[in-house]
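Subject: Structure for you, with notes

Hi,

Here is the structure I promised to pass on.

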Amino acid sequence: MTIASVDRTIRLISTGKAEGSTCTPDLAVDPWYFDDKAPGYGPGSSMGDVIPTGSPRQGELPARYRTASNGELGDWIRAAKATLGERVVVLGHFYQREEVLQHADFVGDSFQLAVATQSRPDAEAIVFCGVHFMAETADLLSTPEQAVILPNLAAGCSMADMADIDSVTECWEQLEELYGTEPDASGRVPVIPVTYMNSSAALKGFCGEHGGIVCTSSNAETVLEWAFERGQRVLFFPDQHLGRNTAKAMGVPLEQMPMWNPRKPLGGNTEAELEDSRVILWHGFCSVHRRFTVDQIDAARAEHPGVRVIVHPECPMAVVDAADEYGSTDYIAKAIAAAPAGSTFAIGTEINLVQRLAAQYPQHTIFCLDPVVCPCSTMYRIHSGYLAWVLEALVGGDGVPAEVLNRITVADDVADHARVALERMLAAKPPAAGPVAPVASVSTGA
Ligand code: 13P
Ligand code: SF4
């Protein structure tokens, strides 16, 4: 299977011919369809948060970039990068489409990219090919002089949008009223807030301000250990699945993991349930990873005896329990790299990564658990047209002054606290892996 088949399936979805597809209809349109329709996205905010005044809004992508072929856009990106040299660094998440990722100086999971942000302090601009919360994190961890650019401001994360600062603050006030704020005899406070990296900077700031911390899918267990050393329980947002899967693996019983529904008093729980809790789970989820099912795992095992099933911890608990292993995007990539030739893998994560790995390791059989290809629709909004647009703007020329487009800036009142929460994470025994180099390019069929 090549990357070309992702585009082919998207064409089938757009013409209503992808049978059984439950993919988002957003994939059926070109990413520039959202240029004037996603006003909710802006620096410092998920869709539910207040957007700071002066935040840039996605402008209309000029026609030159909308109509160019992938080949032309690739040439323009290479030329702009060559002109800019060390002045720019391009970061790319594993879920980005291949024609974008091939231009990245660093490719990795969200933890590795957060670390990579600090690797080139002399670069004037960091172009982040990923989603909004990743670019915010890059702004928090880079130097004040560096401009972080998100090529398309409509590239958000639907999971990050499921927790906003007002709802989390309201939840926190209810918990404080119930538990008080006094530490117990061993010095542990009643509750520590932990936010998944996939959240707005405002929520990272909330955690920093209230003794909490950030985690990613590659260090969630380390971070929960950190939190349990300091607190009797954890409030974990926005991803219920990462929270549940991680805490369960650490031996926390399911009965001590109530779910918080912000629309209900006490999140829909009794006082006794919250008193007895160890991890309070926000009700968020990833729309890509919740598509994976135990039936798909059973079908993969029936068709490929001996198959190794690896899924991302954003998958529901039943899927993680039925899989052979689970781990972050980097864990998945490393497990495949280390396997003996001739191995068969069924992978439960975003399709662009699965297909890149399949092309990169032809000695293995690698396929996605979900037979209906479904990319992360917001990651997919970083089209190479937007990358060429922001890079050429940085170059300027022909009488046009150089310009920073789509700069992501976290407001100062949020940034200081958010940095505290991120730095706690970076100090909490980070995983050994550093940023990795770009992987071999795969045909896009363009
Ligand atoms: P990773 O931290 O594994 O890169 O995951 C980020 C993400 O958004 C997964 O959906
Ligand atoms: Fe967000 Fe899911 Fe996309 Fe990851 S895959 S960026 S969690 S919507």
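Some ground rules before the rest. This is a predicted model, in which local features need pLDDT of at least 70 and side-chain atom pairs count only at pLDDT 80 or more, while totals for chains, interfaces and linings use all residues. Residues are numbered from 1 along each chain as its sequence is written, and chains are lettered from A and ligands numbered from 1 in the order in which they are written.

**Overall picture**

The protein chain has 17 helices and 13 strands; these are DSSP runs numbered from the N terminus, with helices (H or I) of at least four residues and strands (E) of at least two. Of its 446 residues, 52% are buried. Among contacts with a separation of 6 or more, 71% are between residues 24 or more positions apart, a contact being two C-beta atoms, placed from the backbone, within 7 Å.

**The core and H16**

The largest nonpolar core holds 128 residues, and Val127 and Phe128 have the most contacts inside it. Such a core is a set of buried Ala, Val, Leu, Ile, Met, Phe, Trp, Tyr and Cys residues joined through C-beta atoms within 7 Å. H16 gives the most to this core, with seven residues. Beyond its neighbours within four places in sequence, Val127 is in contact with Val88, Val90, Ile149, Pro151, Leu387, Val390 and Leu391.

In H16, 10 of the 12 residues are buried, including Tyr386, Trp389 and Leu394. The buried residues of H16 pack against helices H2, H3 and H4 and strands E1, E3 and E4. Gly396, with a positive phi near 65°, follows H16.

Most residues other than glycine have a negative phi, and most peptide bonds are trans. Asp398 has a positive phi of about 50° although it is not a glycine, and Asn406 has one of about 55°. Asp398 sits in the loop between H16 (384-395) and H17 (412-427), and Asn406 is also found between H16 and H17. Asn406 counts as buried, because it has 24 C-beta neighbours inside 10 Å. A cis peptide bond joins Phe237 and Pro238, with omega about -10°; Pro238 is in the loop between strand E7 (234-237) and helix H10 (240-249).

**The ligands**

Around ligand 1 are residues including Asp109, Ser110, Asn198, Ser217, Cys286, Glu314 and Thr329, where near means a C-beta atom, placed from the backbone, within 6 Å. That shell has two nonpolar, seven polar and two charged residues. Ala, Val, Leu, Ile, Met, Phe, Trp, Tyr, Cys and Pro count as nonpolar, Asp, Glu, Lys and Arg as charged, and the others, Gly among them, as polar.

Ligand 2 has 13 residues around it, of which Cys157, Met159, Cys286, Val288 and Cys376 come nearest. Its shell divides into seven nonpolar, four polar and two charged residues.

An unreviewed UniProt entry lists Cys157, Cys286 and Cys376 under "binding site". Although spread over 220 residues of sequence, they cluster in space, with a largest C-alpha distance of 9.3 Å. Cys286 is buried, with 24 other C-beta atoms within 10 Å, and Cys376 is buried too, with 26. Leaving aside neighbours within four places in sequence, Cys286 is in contact with Met159, Asp239 and Glu314, and Cys376 with Tyr95, Val288 and Glu350.

The unreviewed entry also gives "binding site" for residues including His93, Ser110, Asn198 and His312; UniProt positions are in the numbering used here, feature names are shortened, and annotations may be inferred rather than shown by experiment. Ser110 belongs to helix H5 (residues 110-116) and is buried, with 23 other C-beta atoms within 10 Å. His312 is buried as well, with 28.

Best wishes

Key. Buried ≥ 20, exposed ≤ 12 C-beta atoms within 10 Å, placed from the backbone.
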